[in-house]
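Trainee: Could you take me through a close look at one part of this model, and then carry on from there to whatever else can be said about how its side chains are placed?

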Amino acid sequence: MLIARLIADSAKLETGLDTAGAKLAERGWTIAGAQMMDFCGDVLQISLPEGEPSAVAAILDQAFGPCDLLMSDRPIEVPHLLISDMDSTMIGQECIDELADFAGLKDEISAITERAMRGELDFEAALTERVGLLAGLAEDTIAQCLAERIEPVRGARKLVQTLRSRGAHTVLVTGGFHSFADPVADMIGFERVVGNRLGIADGRLTGKLASAIVDSGVKARTLREEMDRLGDNARSLAMGDGANDIPMLQAADYGIAYRAKPKAREAANGWIERGDLTAVLELFDIPKAEWVD
């Protein structure tokens, strides 16, 4: 059984369901059931006895317009692991771009970041190039950047704290830097951080990294290691927005792309395009009365 849960404009639900049903029928797929969830009245659950998940998701996306969606080929459970990217997922900024602004290099570095996140550049090479451009920047600029520029996206803390209250283990894994990720993790509530370390000497950035690079492979491997520890019956939720998140999104039971680049969205089995991060809690049918902040 294929299960789709979605949140869309309530005024479009009836016509959207009719449109989706017709489009699915053209592919030989029949809707077995469609109903609003009991606890989260904004969530429509659609069940199909068969269907190709990515094609079904595309049809639902077209039929309902901007929506938040989760697809699964098994009963949907609250995850035991949340593993998430940081930049443009749990926070609304790209830290290296904001740090570059203090060096007068934001336009140059953000252009490289954008291409890397779209999968147009090799991540390791792009990261090495961007870090190199920051050589000589004062170390205390990091704290200033954190204080003035970096903010969690709406719903981030509620998502993390609520899943933790349900027993989920939470991991922030980023191609960014511990200098930013550690304070962000404390702010939002993540229990573990995996990230890169900026080289610093004599109070200034060296333009080098002080650790092995956290790339897409490390992100996926971290998920697998955490799941091995949790055991066979555990379910995982991965979240991200860029091309370097794709292996992690694909390795998870539930891979949700948050306002993501096209390649990441295509690789995921769910996305958030309409609401904030609390939409994830709704898609997992967690009552609002049980959300934690």
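This is a predicted model: local features need pLDDT of at least 70, side-chain atom pairs count only at pLDDT 80 or more; totals for chains, interfaces and linings use all residues.

Mentor: Helix 7, which covers residues 156-165, and helix 8, which covers residues 178-188, have axes that come within 9 Å and cross at roughly 70°. Since angles of 65 to 115 degrees count as roughly perpendicular, helix 7 and helix 8 are therefore described as roughly perpendicular to each other. On the side of helix 7 the contact is made by Ala156, Arg157, Val160 and Gln161, and on the side of helix 8 by Asp186, Met187 and Ile188.

From the helices we can turn to Arg235, which is found in the loop between helix 9 (216-230) and strand 10 (236-240). Arg235 counts as buried, because its relative accessibility is 15% and the cut-off for buried is under 20%. Leaving aside residues up to four places away in sequence, Arg235 touches Arg74, Glu77, Pro79, His80, Leu81, Met227, Asp253 and Tyr254. Pro247 lies 12 residues from Arg235 along the chain, and the C-alpha atoms of these two residues are separated by 16 Å.

One of the residues that Arg235 touches, Tyr254, leads on to the aromatic rings, where the count comes to 1 aromatic pair. The pair consists of Tyr254 and Phe284, whose ring centres are 5.1 Å apart and whose planes stand at 75°, so the arrangement is edge-to-face. Because Tyr254 lies in strand 11 (residues 254-258) while Phe284 lies in the segment after helix 12 (278-283), the pair ties together parts that are 30 residues apart in sequence. Both Tyr254 and Phe284 are buried. A ring is also involved in another arrangement, in which Arg265 lies over the face of Trp271, at 3.8 Å from the ring centre.

The cysteines can close this account, and for them the count of disulfides comes to 0. Cys95 is in no disulfide, and the nearest cysteine sulfur, which belongs to Cys145, is 6.5 Å away, whereas a disulfide would need the two sulfur atoms to be within 2.5 Å. Cys95 is itself buried, with a relative accessible area of 2%, and Cys67 likewise counts as buried, at 0% relative accessibility.

Key
Residues are numbered from 1 along each chain as its sequence is written. Side-chain values use heavy atoms; hydrogens and water are left out. Rings of Phe, Tyr and Trp (its six-membered ring) pair if their centres lie within 6.5 Å; planes under 30 degrees apart count as stacked, over 60 as edge-to-face and the rest as tilted. Helices (H or I, at least four residues) and strands (E, at least two) are DSSP runs, numbered from the N terminus. Buried means under 20% relative accessible area, exposed over 50%, partly exposed in between (1.4 Å probe, protein chains only). A charge sits over a ring if NZ of Lys or CZ of Arg is within 6 Å of the ring centre and within 35 degrees of the ring normal. Axes are lines fitted to C-alpha atoms, for helices over the stretch in contact, and angles run from 0 to 180 degrees between N-to-C directions. Angles under 35 degrees count as roughly parallel, over 145 as roughly antiparallel, 65 to 115 as roughly perpendicular and the rest as oblique. Contact means heavy atoms within 4.5 Å.
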